[in-house]
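Notebook open, side chains up on screen. Today I'm going through charged pairs and aromatic rings.

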Amino acid sequence: MRKLIKGIFLNPKSDYSVEVLNNYYLLIDNGKIEQIEKNIEINEVAFDVFYDFGDRIIIPGMIDLHTHIPQFRAAGIGKGELLEWLDNYIFPLEAKFSEKYFAEDSTKLFFKHLISKGTTTAVMYSSPQKQACETAFEIADESQVRAYIGLPLMDRNTPEILVQNTEQVINDIFSIAKKWHKKNKCEFVLTPRFALSCTEELLQKVGEIAETDNFFVQTHLAENKKEVQEVKLQFPDIENYTSVYDRYNLLTPKTLLAHCIFLNDEEIEKINERNCIIAHCPTSNKFLRSGIMRANKYINAGLKVGLGTDVAGGYCLSMLNEAMEACEVSKLLSVQNEMHDDVLEAESAFCLSTIKAAEFLEISGEVGNFEIGKKFDAAVFELSEVHKITELKEDELLRALMYKIDNRTAKAVFIDGNLVYHK
């Protein structure tokens, strides 16, 4: 089916710039962009459906590099820092995902809200139960989202109701991957929750699987000072947190490391050498009083940095919100450190959550921005009332959209050219 789309397109580029295509037309054929034109004679173009979005803003479907499906019900709930928050709020919630209907209802709710915020690709943690992970894949597949999902691996330092048997969970990895890896738009991700939750035996085995089967790997790294201290106690013969993962061959170009706040220069260099991906989660880092990651420092050092909502440490599934928060916390950091190069600009943050994230996930040939031949993953947003009546310059449109905090919900969302959500 051929579809003609008209509106104001914000087109992110690999060089961290954003092109504004004001009142352009995109012609979509079988889900792919066939034509991008400023002026089109509609009577001379063959199409089946015409979506005229007028002065609404159309952006590429956004890409969330780090979030937790089962934690959505806890968004904004709880207090304290990371480890106590996990014990008091998150682990009890994840334990309830052993109930089939609770898991199904919660997962459907998560994907409904994820899509409504304009996210079309996400890297996610399921709950630690095998059945809950399979449920996540089933619902992700139905939703059409490009879903990278992992079963959190937790065979020690975990509440009894959630702790996994090492041998059994390794079998579960192969079972789930066999059924869901590379099925439609789904991909299985190896997911040692964090170093504290995994025995050395489990880390060793996961590293071997990652090396032989070329899976993406996701985990947490240096999110919280107490966490870092506990890792030193648990792995006393390893020089630092990052090196724990490196010892077990878990630092690869397909490894996503969430948070990365408390890294020394040696660790930053090692992550750079291994070409890993860092998922910056500024909202969660504030909510759990973890700290502020120096995103711009890492980017300038050549590291691959994207953004993640990290629900429920983060309290919103909107990647526009996360991009805004990344900019705002960088300003605080620049004042604190008196270093202007800490500031992350809106254009850069937008690119991190679209084209750059697509590059890191190795799907930039398909999605991430608006180029001929790519699939049309997109979200349509309305500017606030005050901005609609203000004559904005083209370079102000992105900021007006990103800082529209009163309503982050999209008016329409497309995946592969299919309208999957509208309001």
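Which residue forms a salt bridge with Asp-342, and how far apart are the closest N and O atoms? I looked it up in this predicted model: the partner is Arg-294, with the closest N and O atoms 2.9 Å apart. Asp-342 sits in the loop between H11 and helix H12 (346–352) and Arg-294 in the loop between H9 and helix H10 (295–300), so this bridge ties together parts 48 residues apart in sequence. Asp-342 is buried because its relative accessible area is 2%, under the 20% limit. Arg-294 comes out at 22%, so I put it down as partly exposed.

**Other salt bridges**

I get 25 salt bridges in the structure. One of them joins Arg-2 to Glu-34, with 3.1 Å between the closest N and O atoms. Arg-2 is in strand S1 (residues 2–12) and Glu-34 in strand S3 (residues 32–37), so the contact ties together parts 32 residues apart in sequence. Arg-2 is partly exposed at 21% relative accessible area, and Glu-34 is partly exposed at 34%.

Next I went to Lys-182, which bridges to Glu-187 at 3.4 Å between the closest N and O atoms. Buried or exposed, for Lys-182? I noted Lys-182 as exposed, because its relative accessibility is 55% and the cut-off is over 50%. Glu-187 has 8%, so it counts as buried.

I also wrote down a network of salt bridges linking Glu-239, Asp-246, Lys-270, Glu-273 and Arg-274.

**Aromatic rings**

Then I turned to the rings and found 17 aromatic pairs.

Phe-287 is in helix H9 (residues 282–287), while Tyr-315 is in the loop between strand S13 (304–307) and helix H11 (319–337), 28 residues away. I have Phe-287 as partly exposed at 23% relative accessibility, and Tyr-315 as partly exposed at 38%.

Back to Phe-53 and Phe-414: they belong to one aromatic cluster with Phe-9, Tyr-51, Phe-370 and Phe-376.

**Charges over rings**

Last entry. I found Lys-183 over the face of Trp-180, 4.4 Å from the ring centre. Lys-254 lies over the face of Phe-216, also at 4.4 Å from the ring centre.

Methods. Residues numbered from 1 in each chain as written. Predicted model: local features only at pLDDT ≥ 70, side-chain atom pairs only at ≥ 80, totals over all residues. Heavy atoms only, no water. Phe/Tyr/Trp six-rings, centres within 6.5 Å; stacked < 30°, edge-to-face > 60°. Helix = DSSP H or I, 4+ residues; strand = E, 2+ residues; numbered from the N terminus. Buried < 20%, exposed > 50% of the residue type's maximum accessible area, 1.4 Å probe, protein only. Lys NZ or Arg CZ within 6 Å of the ring centre and 35° of its normal. Salt bridge = Lys/Arg side-chain N within 4 Å of Asp/Glu carboxyl O.
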